Amino acid sequence: MTTLESTDLLSHSDENLPVWRSQLNAAPQSRAHVLSERIRKQESVLTDRLVKVYGQNSRVQALVQDLIQAAVQASLARSEDLWQLDLHRQAHPDWHQQGAVGYTAYVDQFAGNLQGITQKIEYLKSLGVTYLHLLPFFKAAAGPNDGGFAVAHFEEVAPTLGTQEDLLQLTQALRKAGISLCSDFVLNHVAQDHDWALKAKAGDTRYQNYFCLAKTPEEVAAWEKTLPQIFPDTAPGNFTFQRELNAWVWTTFYPYQWDLNYANPKVFLDVVSAMMRVANMGIEAFRLDSTGFLWKRLGTNSQNQPEVHCLLQALRALMEIACPGVLLKAEAIMPTQQLPPYFGLGESSGLECHLAYHSSLMAASWVALAEQDASILRSVMAQTPKVPEGCSWLSYVRCHDDIGWNVLKPDLEALGDTKHERLIEASQFFAGVSPNSYAQGAAFQTTHTRAVHGTNGMAAALTGLYSAHTTEDIDRAVDRLLLLQGLSFFMGGLPLLYMGDELGLANTTQEELVARKGPDGRELHRPYWNEDKANSRHVKGSIESRIFSKIQQMAQLRKTQAAFKGDADVTLLSNAHPQVLGLQRNHDLIGLFNFSNTTIDLKFSESASSVRLSAYQFKWLNIANDVAPTVLID
Ligand code: GLC
């Protein structure tokens with residue numbers, strides 16, 4: 001395996017005067033002054049974290065200087081608009097904390113291309129969206145590309161989606177509308193036809209050191225011993241033999257996605273430099289894709305290693321220099337217990353990511369729905385720490401990936417279910433194979449009938465909207481869908497909607513699935529936008545208007561109630577009914593979520609009168625006056 005020892009020295013600038021100092025001397029005074037101050041604050045953190053990863057040596061000192069130089073260069077290249085935005089956000093670090101509502105979509109499926117997204121801004125505004133995550137829109141691998149996550153070029157817009165100019169116009173238009181654009185940045189791997197991989201294949205040893213290569217089958221076997229598999233059915237194993245390299249390249253995901261070797265500091269330098277340049281296109285948040293996998297350690301599952309957090313904190317320090325108005329979001333689909341370090345609450349405490357997906361909460365809400373019991377949610381909430389100031393949980397009901405059940409294994413084991421029976425049952429329930437299931441989803445990467453991995457399907461298909469035959473069935477399905485959104489909008493600092501869920505959009509059609517030909521079951525919940533359904537939101541009493549308007553209402557409440565600030569305290573109410581999850585935000589808001597199909601009366605405090613929740617109903621109450629709470633939404 002390639003290690004730091006086998007990599008070349010980093011290039012040195014003139015030792016007496018780092019290049020960035022002469023760059024600052026030549027820069028406009030106002031920027032130079034601000035940048036010197038930012039560097040003064042961040043340099044020691046940066047050095048400390050990189051020494052922890054790469055050891056105390058002169059190469060690390062050179063690395064730090066090269067990174068600062070890249071940050072200075074990027075910052076000096078920022079447009080005046082973005083430079084001013086950074087200054088404003090530095091002065092108001094909680095700018096993203098109140099009333100945040102997110103939306104995520106594939107560019108082509110939502111709007112054809114980037115210009116089409118510009119046309120959707122009014123729609124997003126009407127829904128209350130403040131944050132738009134567009135799934136990968138930079139140049140992807142030719143051929144299969146994992147929905148764009150096999151990135152062939154970090155900085156070139158995919159020609160099928162538009163041009164650099166389209167992206168700039170879009171970011172400007174979104175900013176005007178008060179919506180921040182979030183872009184994926186895939187840190188863990190590149191496509192096999194990315195320039196670095198091509199050079200490695202052509203024999204360039206500098207670039208061979210950018211990847212994790214195992215030279216023998218024994219070496220592969222030693223690593224595989226403790227590694228889990230992400231796509232066990234369609235991409236088994238974690239290594240792929242490359243004839244040109246006469247070696248096995250580490251490929252955690254698909255064989256065409258080559259993991260980068262962060263033990264080589266040049267990889268960190270090149271990746272971060274690219275990210276800072278991308279920020280200058282007007283990107284206001286980065287989704288750090290697969291971030292838990294960056295550091296490999298023999299004998300472990302090579303996930304969430306301490307070095308990952310040192311690298312992320314070094315990355316944050318650099319962003320604080322180059323573009324402090326930009327948010328970092330950890331996509332670490334890991335058990336709750338592993339998440340606090342992504343907020344900088346781990347061994348090396350400090351600033352890390354502003355946002356992290358709460359995937360356990362998401363998966364647990366689906367289990368609770370299948371079981372009509374809130375116990376697993378309670379257990380997840382009990383493990384969920386308060387986020388540090390300035391950070392927020394990203395909550396969601398569905399996204400472009402499967403509902404991954406594995407994140408809940410530790411929670412179930414703690415509850416005595418060592419065989420994960422409850423997950424197997426939930427998976428069968430949502431695949432629609434359990435008796436009395438209303439769901440129309442499908443199991444993902446679960447060929448062995450008792451193995452459990454993930455579930456695919458759009459929220460409305462999983463909550464029974466498309467198997468409903470009667471008005472009552474339809475009402476129930478709508479209520480289930482809204483219950484899950486109600487919890488996501490209550491719990492998260494940033495609730496994220498997946499395209500179409502605000503209208504109850506159906507699964508991808510069979511014809512379309514056949515046309516896409518791909519083997520990836522996640523296509524089931526990657527349908528095209530449906531304009532007719534969108535228009536139906538204006539028809540009073542329609543399913544679409546019921547879902548859409550409730551979501552609009554929740555988005556509105558998040559803007560007006562101070563307790564929805566992203567870093568507010570969210571605690572579990574202990575006295576709720578077993579089938580009801582009770583949560584409290586700060587002192588004045590409570591949310592009650594009935595996961596059962598029966599009416600439940602409950603008292604959430606001694607002094608309060610009882611509250612009635614019908615089947616699958618949720619209520620948000622303001623309890624500033626706890627004798628006479630006000631119902632905010634029900
Ligand atoms: C992330 C993405 C997922 C992709 C994987 C590999 O988990 O959300 O869609 O397959 O990374 O890039």
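Residues are numbered from 1 along each chain as its sequence is written, and side-chain values use heavy atoms, with hydrogens and water left out. Because the model is predicted, local features need pLDDT of at least 70 and side-chain atom pairs count only at pLDDT 80 or more, while totals for chains, interfaces and linings use all residues.

**Exercise 1. Confidence**

Find the mean pLDDT of the protein chain, and the stretch where the pLDDT is below 50.

Solution. Start with the term: pLDDT is the predictor's confidence in each residue, from 0 to 100. Its mean over the protein chain is 94, and 97% of the residues reach 70 or more. Then turn to residues 2–13, where the pLDDT is below 50. Beyond near neighbours in sequence, this stretch has 30 contacts in the model (contact means heavy atoms within 4.5 Å).

**Exercise 2. Two helix pairs**

Describe how H3 packs with H13, then how H14 packs with H19.

Solution. Two packed helices are described by the angle between their axes and the distance between the axes. Helices (H or I, at least four residues) and strands (E, at least two) are DSSP runs, numbered from the N terminus. Axes are lines fitted to C-alpha atoms, for helices over the stretch in contact, and angles run from 0 to 180 degrees between N-to-C directions.

- Step 1: the axes of H3 (residues 58–76) and H13 (residues 306–322) come within 8 Å and cross at roughly 35 degrees.
- Step 2: Leu67, Ile68, Ala71, Ala74 and Ser75 of H3 meet Leu318, Ile321 and Ala322 of H13. By class, this contact has 7 nonpolar, 1 polar and no charged residues (Ala, Val, Leu, Ile, Met, Phe, Trp, Tyr, Cys and Pro count as nonpolar, Asp, Glu, Lys and Arg as charged, and the others, Gly among them, as polar).
- Step 3: for H14 (residues 359–371) and H19 (residues 471–491), the axes come within 11 Å and cross at roughly 150 degrees.
- Step 4: Leu361, Ser365, Trp366 and Leu369 of H14 meet Arg480, Leu483, Leu484, Leu487 and Met491 of H19. Here the classes are 7 nonpolar, 1 polar and 1 charged.

**Exercise 3. Thr455**

Is Thr455 buried or exposed, and which side chain does its own side chain join in a polar contact?

Solution. Locate Thr455 in strand E15 (residues 454–456). Next, apply the cut-offs: buried means under 20% relative accessible area, exposed over 50%, partly exposed in between (1.4 Å probe, protein chains only). Thr455 has a relative accessible area of 0%, so this residue is buried. Its side chain makes a polar contact of 2.9 Å with that of Trp405 (a pair of N or O atoms within 3.5 Å; within protein, one must be able to donate a hydrogen and the other to accept it, and residues adjacent in sequence count only if both atoms are side-chain atoms). Not counting residues up to four places away in sequence, Thr455 also touches others, including Arg398, Asp402 and Phe430.
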